[in-house]
Amino acid sequence: MTSFPGLGPSSGFLQSSALRAALALAVVFVMLALTGWTAVRGTKGDANPLATARTAWQHATFHGRPLPDPEGSPARLRTFFIKLTGAEKQQLARRYPLVVGNMNGAPVPLRYRANRMALDDARALEKQRMGDRRLTPVGRQEAGRLMHRFASMMSPARQILAFDPAGDGRAAEVFGNLPAAQRVSVVVPGVDTNLSTFERTARATTAPVGMARSLYGAEREARPGTRTAVIAWADYTSPAGMGVEAATGKLAAAGAVRLRALVDSLPSSDAVSLFCHSYGSVVCGVAARDLPSNVEDIAVAGSPGMRAGSLSGLGTHARVWAMRDADDWIQDVPYLEVGGLGHGADPVDPSFGSRVLSADGAVGHAGYFAPGTRSLRNFALVGVGATSTVSCASDDPHCSSDQA
């Protein structure tokens, strides 16, 4: 029997069991990586134009007065912008497009305009990189893909709420009228989320933009009279493939801080629902305890765990919903946490305590937002507040109860 200094035989047995469990967990993650969860992501270097722009903002004055902390509270930033004229707001957006475009508390339409300017700058840079012979052919090809992506995101019809080109990049896009919305849904995606994967033409609803667009359409169909808006929120650094980052909570913790900041920037009168897919459910689980009271629902699909052993462990007032399709491979991930590896209990297990929704029609791990599926319909009903009409999983007939 294995023993360790200072520990008795029984403690040694527990330590050995924990090590075996951790090893088993690591082996499963590696096997899943080899069978398709992983994806190769290239990097663009260490340049951080948003950080540089924020530094310039912090050292600048406007009409002889210092500018507020760009990462300050949304309430303080909102007050700052209310006092400015329209021309003054536009002047700041033109001078600091990346700063204003990513500033929680800045007027939403102003953020859209600022991000269009920032995207134009990034598009021009990628166009130059396409012809840079110092780059490899693969690097020039990637520059071309990004140039076309940025050009698409600059379309007048699109509403880009956040844009950060550093590294593999982050972004958020709004569907609907966010300032006028009564109910706001936030789609939180999982691994391999970046500017290159922000949207897809083929299998569109497996990418954040397609997920959010599909949910927005389903919400309008479910309750046409409700003013809704949906945010495709790819504004956190997600794990690159199925490696150690995906098996731990470090990136989820950083993402949770950013998710809370987004929700704090929304009007407190809005009812907010979070729809969290795969590793995104880890982010939502970590964020749950400190979310404001207007977050009424947290719904997860294809979750590897929420960094909690039960519903009470999340420490949230919100209703928590969970679904998983029968052929989703995520069910093969060990639902445990050992030494920081793994994400805890299975949210669809009855013992966890969440409300288990039907995922009929969804195919595999990435099919939950596909049109015509029961999973999308259920998400839409949660998003518009029609929770008494959702379809429960067969083993949870009481999930549609209106009780909190």
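Buried means under 20% relative accessible area, exposed means over 50%, and partly exposed lies in between, with a 1.4 Å probe and protein chains only. Trp233 is buried, with a relative accessible area of 1%. Tyr236 is buried too, at 0% relative accessibility.

This is a predicted model, in which local features need pLDDT of at least 70, side-chain atom pairs count only at pLDDT 80 or more, and totals for chains, interfaces and linings use all residues. Residues are numbered from 1 along each chain as its sequence is written, and side-chain values use heavy atoms, with hydrogens and water left out.

Start with the whole chain. The protein chain has 404 residues, and 53% of them count as buried. It holds 13 helices and 10 strands. These are DSSP runs, numbered from the N terminus: helices are H or I with at least four residues, strands are E with at least two. Contact means heavy atoms within 4.5 Å. Among contacts between residues at least 6 apart in sequence, 69% join residues at least 24 apart.

Two strands pair if DSSP finds at least two bridges between them. Even so, strand 3 is largely enclosed by the rest of the structure, because 5 of its 6 residues are buried.

Strand 3 pairs with strand 4 in the antiparallel sense, over 5 bridges. Phe163 stands opposite Ala171 in strand 4. The hairpin of these strands has 5 residues between them, and there Gly167 takes a positive phi near 60 degrees. Elsewhere in the sheet, strand 5 (residues 183-188) pairs with strand 7 in the parallel sense, over 6 bridges. Val188 stands opposite Cys276 in strand 7.

A nonpolar core is a set of buried Ala, Val, Leu, Ile, Met, Phe, Trp, Tyr and Cys residues joined through side-chain atoms within 4.5 Å. The largest one here has 62 residues. Trp57, Leu92, Met153, Phe163, Leu215 and Phe369 have the most contacts inside it. Helix 8 gives the largest share of this core, 6 residues. Leaving aside residues up to four places away in sequence, Met153 touches several residues, including Leu119, Ile160, Phe163 and Ala171. A second, separate core has 48 residues, among them Tyr112, Ala162, Ala172 and Ala246.

Now look at the rings. The structure holds 6 aromatic pairs. Rings of Phe, Tyr and Trp (its six-membered ring) pair if their centres lie within 6.5 Å; planes under 30 degrees apart count as stacked, over 60 as edge-to-face and the rest as tilted. Trp233 and Tyr236 form a stacked pair, 5.6 Å centre to centre with 10 degrees between the planes. Phe275 and Phe379 have ring centres 5.1 Å apart and planes at 65 degrees, so this pair is edge-to-face. Phe275 lies in strand 7 (residues 271-277) and Phe379 in helix 13 (residues 374-383), so the pair ties together parts 104 residues apart in sequence. Both Phe275 and Phe379 are buried. Ring pairs link Phe275, Phe369 and Phe379 into a cluster.

Helix 13 is mostly covered, with 8 of its 10 residues buried. The cover over those buried residues includes strand 5, helix 8, strand 7, strand 8 (295-301) and strand 9. Just after helix 13, Gly385 takes a positive phi of about 85 degrees.

End at a loop. Asp346 is found between strand 9 (319-323) and strand 10. This residue counts as buried, at 12% relative accessibility. Asp346 touches Arg324, Tyr335 and Phe352, not counting residues up to four places away in sequence.
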